Amino acid sequence: MKYLIVGLGNKGAEYENTRHNIGFKVADKIAETLDVSFNTTNFGWMADGKYKGRRVLVLKPDTYMNLSGNAVKYWMQKENIPLDHVLIITDDLALPFGTLRMKAKGSDAGHNGLKNINEVLQTQNYARLRFGISADFSEGRQIDYVLGTWNEEESGKLQERIEKFAQASLSFVFAGINNTMSAFNGK
């Protein structure tokens, strides 16, 4: 069995430690857990590993957030990965910092990366793991906030939350969406 885990983010050093790039950070932790490295490939960086007998492809798209769907579709087709074996990891303004929410399907909730994936795949029926970044910004400052870096309090808790999200992602691979939602949502 093959799985595709996609951490959403933006390429480039200026985005590396921003809230919007939390998907990349979780993808890095998954690759570290699987003891594999990322290699440059079509549409991004890919780490290819095994988890409990299952092949896990971890992708960080280099398409920028708003065009993530192209990378997801390409790798699903190239590796013949069914939609129910795909997990998208993204940031979420509607959730308090560090909150974990996995869903089997859903809307884009205003997230441009998910919006593009929905358009390209022509469906919203894929698993997504949302990392709460809160919405602690003044009116009209959303872009600055999501492309901003973590504050001191968030930074102190970030590594533990990233590890929890990596665990949830690998649980999705082995235990499935429903068991993972029960075990991890809100934790």
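This is a predicted model: local features need pLDDT of at least 70, side-chain atom pairs count only at pLDDT 80 or more; totals for chains, interfaces and linings use all residues.
Q: What makes the span of helix H1 close to the one expected?
A: Helix H1 runs over residues 22–34 and has 13 residues. From its first C-alpha to its last it reaches 18 Å, and 18 Å is also what is expected at 1.5 Å a residue.

Q: Which residues of H1 are buried, and what covers them?
A: Ile22, Gly23, Phe24, Val26, Ala27, Lys29, Ile30, Ala31 and Leu34 are buried. The cover over these residues includes strands S1 (2–7), S3 (44–51), S4 (54–61), S5 (86–92) and S7 (127–132), along with helix H5 (152–175).

Q: Why is lysine 60 called buried, while aspartate 28 is called partly exposed?
A: Buried means under 20% relative accessible area, and lysine 60 has 13%, so lysine 60 counts as buried. Aspartate 28 has 30%, which lies between 20% and 50%, so aspartate 28 counts as partly exposed.

Q: What makes arginine 141 and aspartate 144 a salt bridge, and are they buried or partly exposed?
A: Their closest N and O atoms are 2.5 Å apart, which is within 4 Å, so the pair counts as a salt bridge. Arginine 141 has a relative accessible area of 43%, so it falls between 20% and 50% and is partly exposed. Aspartate 144, at 44%, is partly exposed by that rule too.

Q: Why is arginine 161 called buried, and what does its side chain meet?
A: The relative accessible area of arginine 161 is 11%, which is under 20%, so arginine 161 is buried. Its side chain meets that of glutamate 160 in a salt bridge, at 3.3 Å from N to O. Glutamate 160 is partly exposed, with a relative accessible area of 42%.

Q: How many salt bridges are there in the whole structure, and which residues are linked in a network?
A: A search finds eleven salt bridges. Lys2, Asp48, Arg55 and Glu79 are linked in a network of them.

Q: What lines the largest pocket, and which residues are closest to its centre?
A: This pocket holds about 400 Å³ of space. It is lined by 19 residues, and His20, Gly110, Asn112, Gln142 and Val146 are the closest to its centre. Helix H4 gives the largest share of the lining, three residues. By class, the lining has nine nonpolar, seven polar and three charged residues.

Q: Which helix gives the most to the lining of the second largest pocket, and how do the classes divide?
A: Helix H1 gives the most, with three residues. The lining of this pocket, whose volume is about 160 Å³, has three nonpolar, three polar and five charged residues. Both Asp28 and Lys60 are among the lining residues.

Notes: Residues are numbered from 1 along each chain as its sequence is written. Side-chain values use heavy atoms; hydrogens and water are left out. Helices (H or I, at least four residues) and strands (E, at least two) are DSSP runs, numbered from the N terminus. The expected span of a helix is 1.5 Å times one less than its number of residues. Buried means under 20% relative accessible area, exposed over 50%, partly exposed in between (1.4 Å probe, protein chains only). Contact means heavy atoms within 4.5 Å. On a 1 Å grid over the protein atoms alone, a cavity is a set of points where a 1.4 Å probe fits but cannot get out, and a pocket is an open set with protein on both sides within 12 Å along at least five of seven lines; lining residues have an atom within 4 Å of a point. Grid points are joined across faces, edges and corners, and a volume is the space filled by probe spheres set on the points. Ala, Val, Leu, Ile, Met, Phe, Trp, Tyr, Cys and Pro count as nonpolar, Asp, Glu, Lys and Arg as charged, and the others, Gly among them, as polar.
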